[in-house]
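Dear colleague,

I am passing on the structure below, together with some notes on its aromatic side chains. Please read them with the coordinates open.

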Amino acid sequence: MLIDSSGLSKVKDSVRKQIFFGNEPSAELIAILSVYFVQGILGLARLAVSFFLKDELLLSPVQVSALMGIVALPWMVKPLFGFISDGLPIFGYRRRPYLVLSGILGAISWISLATIVHTSWAATVAIALGSLSVAVSDVIADSLVVERAREESVSHVGSLQALCWGASAFGGLITAYFSGLLLEHFTTRTVFLITASFPLIVSGVAWLIAESPVSKYGSDNTNLLSVKQQLQQLRQAFTQKSIWLPTAFVFIWQATPTADSAFFFFSTNELHFEPEFLGRVRLVTSLASLIGVWIFQRFLKSVSFRLIFGWSTVISAVLGMTMLLLVTHTNRALGIDDRWFSLGDSLILTVMGQIAYMPVLVLSARLCPPGIEATLFALLMSVFNLAGMVSYEVGAIIMHWLGITETNFDLLWLLVLITNLSTLLPLPFLNWLPADDAEIETQALAPASANSQVSNLVPELRLREAEPKVVE
C-alpha cells in the first residue's frame with residue numbers, strides 16, 4: 001500500500017512538473033486552461049471562414065484583408081471589457097458571469113454564420129461578434145492568470161503563461177487537420193454549426209473558477225477600486241517610460257504589413273491547394289507553436305528580451321525571403337514540390353514567431369496591480385491588437401497598389417519583399433525593451449514599499465494575437 005501511494009505520488013509530481021510546468025493542477029487551473037484550449041480549438045472554422053468569404057461571398061484579397069482588420073476591433077477595446085469586469089460585477093462576481101455570457105455570445109455568432117448570413121456586411125457583423133466573444137473570455141482568463149502569475153517564484157517565472165499558450169496551441173493542434181478535412185466532405189455552414197458548440201465549454205467551466213463575491217472584500221480597496229481610482233492608476237502606469245517604451249516597440253513590431261490574405265488566394269487559386277492539404281499546413285503550424293513554446297520554456301526564458309527579439313526578427317526576415325522561391329515558382333526549377341516547400345516554410349517561421357512572442361507574454365503579466373488586472377493587461381493587449389489591425393489594413397492598401405487580385409499574382413513577389421523587409425523596422429528601437437528581467441524586478445519592487453496602490457504600477461513590464469500577426 002505504501003509502495004502504491006509512493007508510486008502514485010511520484011506520478012503526480014511528474015505530471016505536475018512535466019505537463020503543468022510546476023503548477024498545481026487544480027480545478028480552477030483546468031478551467032483557465034480550458035478557456036485557452038477553446039480559443040485554439042475554434043481554429044476548426046478558420047479555413048471555413050476563408051473559403052466562405054472567397055467562394056460564397058466572392059470577396060477579393062483586398063476586401064478579405066480589410067474585413068479581417070475590421071473584425072479585430074473587439075480586440076482593440078479589450079480595456080473596456082477589463083474595465084467593466086473589474087468595476088461592474090454581476091451578482092457580486094467579476095469573472096464567472098462574463099465567461100458564461102461570452103460563451104453564449106460565441107455560440108450565437110457561429111450559428112448565425114451557419115444559417116442567416118448571406119452578405120459581406122452580415123458576415124462582418126457575425127465574425128466580429130465571434131471575435132468579441134473570444135476577446136471577452138480572453139480578458140477574463142488573462143486577468144486570472146495575471147493574479148496568479150504575481151505569486152510565482154523566481155524559478156517558475158513565465159511557466160503559467162507558457163502553460164496557457166501551450167493549451168491554446170494544443171487546441172489548435174487537435175482541430176488543425178480536421179479544419180481542412182471537414183471541408184472536403186461538408187459545407188462551410190456545417191463546419192460553422194459544429195464550431196458553435198465549443199464556446200459553450202467556456203460557459204460550463206466558468207463555474208469552476210474559485211471566486212468570492214466582491215461584497216466579502218468589504219472596505220478592502222485593494223481588490224475593488226472605484227472607477228476614478230482605476231483611471232488614475234492607468235494614467236500613472238502609462239506615464240512610466242518602462243511601460244510605454246516597450247509597448248511602442250511591440251506596436252511597431254506587430255504593425256508591419258502582412259500578406260496573409262494574398263497568400264491564401266495564391267495557395268488556392270494559383271497553386272490549387274485543396275482544403276485537406278491546407279488543414280495539414282495548419283496541423284504543422286500548430287505543432288510548430290507547441291515546439292516554440294517548449295523551446296522558450298526549456299532554453300530561452302532567462303535570455304535577454306532584446307536578444308530574443310533581435311535575433312528572431314532577423315532570422316524570420318531572412319527565412320521569410322524563401323517565400324520568393326514559391327511565388328516565382330523557382331522551387332519547381334530546384335526540384336522542390338510546392339506542398340513540401342509550404343510545409344517546411346510554415347514550420348520554421350511559426351517556431352520563430354512563437355519564440356519571439358513568448359517574451360511579450362512574460363513581460364506583460366507582471367505589470368498589473370490588484371483590482372485592475374483585467375483592465376491594465378487588456379490595455380496592453382489592445383495596443384498590440386491595434387497594431388495587428390494596422391498590419392492587415394496596410395497590407396490591403398499595398399495589395400491594392402500592386403494590383404493583386406484573386407487571379408493576378410504578378411507582383412506578389414514584390415509584396416513578399418516589402419512585408420519581409422518591413423519586419424526589420426523595429427530593430428533600431430531594441431533599446432526600448434528592458435535589458436533583462438532583473439532590471440525590471442528592481443524597478444517594480446522599489447516603489448512598492450513606498451506607500452500606495454499607485455506605486456505598485458511602477459513596473460516590471462511585459463508585452464502579445466495573436467501570436468504574431470494573428471487576430472485573437
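This is a predicted model: local features need pLDDT of at least 70, side-chain atom pairs count only at pLDDT 80 or more; totals for chains, interfaces and linings use all residues.

The structure holds 13 aromatic pairs, and Phe37 belongs to one of them, a tilted pair with Phe170 in which the ring centres lie 6.1 Å apart and the planes make an angle of 40 degrees. Because Phe37 is part of helix H2 (residues 27-41) while Phe170 is part of helix H9 (residues 159-185), this pair ties together parts that are 133 residues apart in sequence. Phe170, with a relative accessible area of 43%, is likewise partly exposed.

Another tilted pair is formed by Trp110 and Phe192, with 5.8 Å from centre to centre and 35 degrees between the planes. This pair, too, links distant parts of the chain, as Trp110 lies in helix H7 (residues 96-115) and Phe192 in helix H10 (residues 188-195), 82 residues apart. Here Trp110 is buried, at a relative accessible area of 13%, and Phe192 also counts as buried, at a relative accessibility of 0%.

Two further findings concern phenylalanine rings. Phe51, Phe264 and Phe265 make up one aromatic cluster, and at Phe277 the charged end of Arg339 sits over the ring, at a distance of 4.9 Å from the ring centre.

Key
Residues are numbered from 1 along each chain as its sequence is written. Side-chain values use heavy atoms; hydrogens and water are left out. Rings of Phe, Tyr and Trp (its six-membered ring) pair if their centres lie within 6.5 Å; planes under 30 degrees apart count as stacked, over 60 as edge-to-face and the rest as tilted. Helices (H or I, at least four residues) and strands (E, at least two) are DSSP runs, numbered from the N terminus. Buried means under 20% relative accessible area, exposed over 50%, partly exposed in between (1.4 Å probe, protein chains only). A charge sits over a ring if NZ of Lys or CZ of Arg is within 6 Å of the ring centre and within 35 degrees of the ring normal.
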